[in-house]
Amino acid sequence: MTRGTLEVQLAGARGLENTDLLKKMDPYAIITCRTQEKKSSVATGKGSNPEWNETFLFTIAGNTPEITIKIMDSDSGSADDFVGEAIVPLDPCFAQGNTPMKTYNVVKGDKFKGEVRVGLVFTPEQVRDRGFSMQEGNMGGWRESSY
């Protein structure tokens with residue numbers, strides 16, 4: 001079972017499909033790792049090539065095959081627009097301890113909508129020695145009396 005802390009380094013995106021017709025879009029990312037969800041800042045007015053340079057921490061406990069990065073366009077006065085999403089596999093990161101900055105395709109349905117750059121660092125949980133000893137006369141935390 002994989003246990004530890006996953007650090008997601010969200011650098012930026014490029015070539016995103018602009019969902020705003022008359023102005024540059026204001027993209028942000030929602031990173032999901034199982035039931036945990038983190039949201040980046042809004043890259044106001046950055047359009048199709050936002051830069052976030054933000055880091056997010058997730059607690060990993062058990063089998064976690066991937067994270068999802070959903071790119072959204074912040075809109076005032078109406079619902080935010082879904083731009084697309086990228087699936088980032090975690091097995092290479094668990095095996096090597098990290099995945100250097102890499103580009104992943106952002107898709108909507110089966111259509112390419114741009115790219116997102118992400119780096120990963122996994123720090124396994126340290127196994128703690130609780131100091132129990134199975135020496136003769138020391139059983140379960142009490143010592144047999146010699147009286």
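Helices (H or I, at least four residues) and strands (E, at least two) are DSSP runs, numbered from the N terminus. This is a predicted model, in which local features need pLDDT of at least 70, side-chain atom pairs count only at pLDDT 80 or more, and totals for chains, interfaces and linings use all residues. Residues are numbered from 1 along each chain as its sequence is written, and side-chain values use heavy atoms, with hydrogens and water left out.

**View 1**
From the N terminus, the order of elements is β-β-β-β-β-β-α-β-β-β-β. The protein chain has 147 residues, and 36% of them are buried (under 20% relative accessible area; exposed is over 50%, partly exposed in between; 1.4 Å probe, protein chains only). Contact means heavy atoms within 4.5 Å. Among contacts with a separation of 6 or more, 57% join residues 24 or more positions apart. The accessible surface comes to about 9400 Å² (Shrake-Rupley method, 1.4 Å probe; for residues, only the protein chains shown count as cover). Carbon and sulfur atoms hold 48% of that surface.

**View 2. Arg 34 sits in a loop between two strands.**
Strand S2 (27–33) lies on one side of this loop and strand S3 (36–39) on the other. Arg 34 is not a glycine, yet its phi is positive, at about 55 degrees.

**View 3. Asn 53 is a strand residue with a positive phi.**
Its strand is S4 (residues 51–61). The phi of Asn 53 is near 50 degrees, and the residue is not a glycine. Asn 53 counts as exposed because its relative accessibility is 57%.

**View 4. The largest nonpolar core has 29 residues.**
Such a core is a set of buried Ala, Val, Leu, Ile, Met, Phe, Trp, Tyr and Cys residues joined through side-chain atoms within 4.5 Å. Leu 6, Ile 67, Ile 71, Val 116 and Leu 120 have the most contacts inside this core. Strands S1 (3–14), S2, S4, S5 (66–73), S6 (81–89), S7 and S8 (111–124), together with helix H1, each give two or more residues to this core. Leaving out residues up to four places away in sequence, Leu 120 touches residues including Leu 6, Ile 67, Val 88, Cys 93 and Thr 99.

**View 5. Gly 97 lies in the loop between a helix and a strand.**
The helix is H1 (91–96) and the strand is S7 (98–108). Gly 97 counts as partly exposed because its relative accessibility is 23%. Beyond its neighbours within four places in sequence, Gly 97 is in contact with Val 121 and Phe 122. Thr 123 is 26 residues from Gly 97 in sequence, with 6.8 Å between their C-alpha atoms.
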